[in-house]
Amino acid sequence: MSESTSSSAHNIFPIISPLDKQSFANNHQVVAHHYYMDLTTDFKNKILVGYVDVTFEALIDRPSHVVVDARNLVIKQTKFLYKKHHKHSEDNINEQQHQEHELAFRVFSKSEVAQNGYPSVYGEPLSMSLTHEAVDLEAGNFFVVRIFYETTHESEAIQWLEPEQTLGKVHPYLFTQCQAIHARSLLPCQDTPSNKITYSSTIRTPKPLVAAMSAIKQWEDVSTHINIYHFKQNVTIPSYLIALVVGALESKEIGPRSTLYCEAEVLEAAAYEFSETEAFIKAAEEFLPPYAWGRYDIVLLPSSYPFGGMENSNLTFLTPTLLAGDRSLANVVAHEIAHSWSGNLITNSTWEDFWLNEGFTVFIERRILARLSGEEYAKFHAQMGYSHLVSSINHYKEINELQYTKMIPLLEKCDPDDAFSSVPYEKGFNFLYYLADQIVGSIPRFEKFLYHYFTVFCQKTVNSAEMKKCFLEYFADVEKTKEIDWDSWFNVEGDLIVKNNFENTLNVAANALCEKWTSGAEGTFAKSDIEGWSSTQLTYFLDILLSNDKPLNVQKLDETYEYSKYTNSEIRFGWQMLAIKHKYEPVKPQVVAFITMQGRMKYVRPLYRELFKFDAELARSTFQQYKGFYHGIARKMIEKDLQ
Ligand code: BES
Ligand code: ZN
């Protein structure tokens, strides 16, 4: 085919994938199956340098080009390596090397993306021409393309930390965060959960830095002047689970299939905090198919880590704000373990169906908690979750974005980070709980359905319609299923259409004490009011005070219970939100200290927003001074919040 054909294909701006509104990949014509990354971590220049070999399958005869997502990457060269007949004849290029030749490619510019009406976060797609005569693809052919590239300082998936930002203060550090659509700033890829891939990699790090990935380590060579690691992920995963961490990591076994990685300074504390890991996995295996991934490792990240946890396959990432000292925040570990089924094994096919990932995960998380800490504790968590749902809905009301309160939001031309909130988690959870409790009428029976669901869709992607069909077929004999108003659950804005009953015994004392503080009558209060309360109960008490609109003497509350002295991050956060809401001056320095010593978005975003309402100048100047500390995604979101 002539050069002009290939260049004309390259002049047409790529269409959005018909399978996913957040991706430019033409994965309906050419689909990726495997990535092999060969990357060197260059800490001096803060870039990753190397190449990725992508194994594609042609789904049509003679596709003219293949489009992959990319953002803030420098694409240097693209090569056609070889055609192969089987997708698993991987990494062995010698016999077919003669087919190798350069491919014409084009990276669309940021202004072309903007002119076509797409947000900049969708990136600058890379289109590679397949019209070279030697390519000649038929539907069903597999072929491998090598893309030489470098990341840049703008590649949002990666945070490069200075030694000062680590606990050890000696070595630099890097970690990635790809969910939802940031993998495209780590490597050129079909960055969509609508197709699943395997991957392998070779990672080079400067001594003595250790690399870990969301995959199984095959081997390491630390005998030369650099460290070399080889990883392999053999279970198919969505691109957003690709993850890398490099740092001065120590490790410790915390279970028969679990190693904990973190800096030496927190190794013992973290090993204590997460010692229930194996018990959580076993509890999940009591009602779900066996854990499918082999190992379940954990890495505890530095304080700027923007999430509570991230379920990267085989290697959960966790925030150090979970180090409470009493395992009270370990539900996050249960949550990330639950993703080993919901999300990682069965993946939402697009980000509009994100509730299928998170709602199912929260449901499983609380079934794990019920097994380990009792039904009352699980209900207590469910009740707190509902109050978080209410505050998310209130927030979206305030900023006039009620569309994001739908269980299935429409995300056309949206940034999925904007849609992120408790809604998919807690609306999704409440919907499943409603099905289990009010429709099926038995949580154990619903758990059997979960087993079935994870068997049917194992290693596949799923959307809401498929989930509905699967549920209705499984419970065909249950009359009550006719009552379910699927459309309203999926598409109505605002609060739940049917509420659940999470009445439990763990909140009784806190409810009564809240009533006493807010009833207006002058009560007598003493530290003994909260004697023996768990951190969760102390957090819950702050939660309900916060959602109460009656006047409250926060100074007296502070003096009585010394809430400002707690180091548990949930209590600290709850206290500070409450104190700012009531315009309590002495909390300001505490807030500034907390939002500058950790970068978890769950805490820093609401605190910045509230501080901004209380003292805009302080919020702005604090952010200006510390914005280099935050992860790129957190920085982007706080910037939006402060507008
Ligand atoms: N997968 C999420 C984190 C996430 C979601 C990252 C969307 C990027 C985009 C993770 O499993 C999660 O939900 N973490 C929660 C903890 C949980 C107990 C609700 C968190 O980070 O707070
Ligand atoms: Zn989750």
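Lys-46 sits in the loop that links strand E1 (30-42) to strand E2 (47-58), where helices (H or I, at least four residues) and strands (E, at least two) are DSSP runs numbered from the N terminus. This is a predicted model, in which local features need pLDDT of at least 70, side-chain atom pairs count only at pLDDT 80 or more, and totals for chains, interfaces and linings use all residues. Residues are numbered from 1 along each chain as its sequence is written, chains are lettered from A and ligands numbered from 1 in the order in which they are written, and side-chain values use heavy atoms, with hydrogens and water left out.

Most residues other than glycine have a negative phi, and most peptide bonds are trans. Against that background, Lys-46 is worth a look: its phi is positive, near 55°. Lys-46 has a relative accessibility of 24% and is therefore partly exposed, the class between buried (under 20% relative accessible area) and exposed (over 50%), with a 1.4 Å probe and protein chains only.

A positive phi, near 40°, also belongs to Asp-136. Asp-136 is found in the loop between strand E7 (126-129) and strand E8 (142-151), and its relative accessible area of 37% makes this residue partly exposed.

Turning to the peptide bonds, Gln-179 and Ala-180 are joined in the cis form, with omega at about 0°. Ala-180 belongs to the loop running between strand E10 (173-176) and strand E11 (197-206). Another cis peptide bond leads from Lys-207 to Pro-208, with omega near 0°; Pro-208 lies in the loop between E11 and strand E12 (210-213).
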